[in-house]
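Here is a short report on a two-chain model.

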Amino acid sequence: MIYLQLFWEFLKIGLFAVGGGMATLPFLQRLADSTGWYSQALITDMIAISESTPGPIGINMATYVGCNVAGFFGGVVATMGEILPSIVIVVLVSKSLERFRGSKLVDAAFYGLRPAVTGLIAAAGLSVIKVSMFHFDLYEKTGALLDAIDFKKIIFFALAFVAIKKFKLHPIVYIACAAVIGLMLSF
Amino acid sequence: MLHDLLTLYTLFFRMGAVTFGGGYAMLPILRREIIENRQWMDEESIMDYYALSQGLPGIIAINVSVFIGYKRRGIPGAIAAALGMVSPCIIIISVIAFFLSNFQDNPYVQHALAGISVCVAALILDAVISMWKKGVKDGFGIVLCLAMLALSVFTEISPILLVIACALLGIGAKWKSIHAQKEENGK
């Protein structure tokens, strides 16, 4: 019963991969070898497609693998398996947070966690900036520092940031405009 | 109740359909919908959910969705939010897997995505600035936030370890007041 097997394998991935979508990658590589359901070559396509479509990368990867192994319902079953542990664990954590509300110990932990998560998200933002506006691979090839910097995109970034601050529109509006501008300017 | 669950499902469906890049890229849209438009919770709660989601197993975007869904409408709310988040992925990825081969190599797709990723970087920067204002309130917070940023940019240390260390540092910094509460409870 391929659906049950898929569900079980992705349930294990959802339970053991800590740290978000990309943390599931090593598990998916191991799954390819241990089951023979798909090839390592499919994993490259999986990453490319998961990064270029909307939605969490981890979910996109699970759906893509499931689809390729057992069709549409394979994709559904793999995804459900992957999110089930999240639902159970987060509900349990939420329940215990309610019980410890007002606890100085929990407050103190969050006193450390809030600045930390700000730093982690800033780091995520920096890596998006690096990947989207700089070409360090080109710089390594040519040795010209100017080749590493994509001025067109940096100007667009600055304009986008000013527009976000000034107009306070829904983020979807900016994302849609950015896609159109990317197409028009051939980014 | 059913109406509330449907609202949660469609809200997270919309967010899943327009978020490129998963967990942290979802933050600007999440802040807009949950904090500003609906005022369901405050900036601090969202930061807490991100911090916890980073340290728990599973996909970060799903964990955050489940936290919010559970907070709104208990376990049914948690399930509605998670299903809303994954539904667009299942639809989009299945269509691509079955009908559009080489979707990710299409130059138009690549130009649009290049524009989107610059915009996402600007949106994340905007979110980080408001998180900094809300969550980083004293010298301890500034040091912790900058240290986390530097450690995650320049080292390979797992963010899970960083998150746990920061929770412990928070407890350490507030040890005196925790101790005071314990004595009070003891009396």
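B:Gln39 is exposed, with 8 other C-beta atoms within 10 Å. The cut-offs use C-beta atoms placed from the backbone: 20 or more others within 10 Å is buried, 12 or fewer is exposed, and in between is partly exposed. B:Gln39 has a positive phi, near 50 degrees, and is not a glycine. B:Gln39 sits in the loop between helix 2 (23-37) and helix 3 (43-55) of chain B. Helices (H or I, at least four residues) and strands (E, at least two) are DSSP runs, numbered from the N terminus.

A:Ser186 also shows a positive phi, about 50 degrees, without being a glycine. A:Ser186 lies in the segment after helix 9 (171-184) of chain A. A:Ser186 is exposed, with 12 other C-beta atoms within 10 Å.

## Basis of the model

The model is predicted: local features need pLDDT of at least 70, side-chain atom pairs count only at pLDDT 80 or more, and totals for chains, interfaces and linings use all residues. Residues are numbered from 1 along each chain as its sequence is written, while chains are lettered from A and ligands numbered from 1 in the order in which they are written.

## Chain B overall

Chain B has eight helices and zero strands. Its C-alpha trace spans about 70 × 45 × 30 Å along the principal axes. Of its 187 residues, 51% count as buried.

## Helix 1 against helix 2

In chain B, the axes of helix 1 (residues 2-18) and helix 2 come within 10 Å and cross at roughly 150 degrees. Helix 1 of chain B is therefore roughly antiparallel to helix 2 of chain B. Axes are lines fitted to C-alpha atoms, for helices over the stretch in contact, with angles from 0 to 180 degrees between N-to-C directions. Angles under 35 degrees count as roughly parallel, over 145 as roughly antiparallel, 65 to 115 as roughly perpendicular and the rest as oblique.

B:Leu11, B:Met15 and B:Val18 of helix 1 meet B:Met26, B:Ile29, B:Leu30 and B:Glu33 of helix 2. Contact requires C-beta atoms, placed from the backbone, within 7 Å. These residues divide into six nonpolar, no polar and one charged. Ala, Val, Leu, Ile, Met, Phe, Trp, Tyr, Cys and Pro count as nonpolar, Asp, Glu, Lys and Arg as charged, and the others, Gly among them, as polar.

## Chain B against chain A

The contact takes 94 residues from chain B and 81 from chain A. Helix 5 (107-135) of chain B gives the most to the chain B side, with 23 residues. That side divides into 69 nonpolar, 19 polar and six charged residues.

Definitions and conventions:
Two residues are in contact if their C-beta atoms, placed from the backbone, lie within 7 Å.
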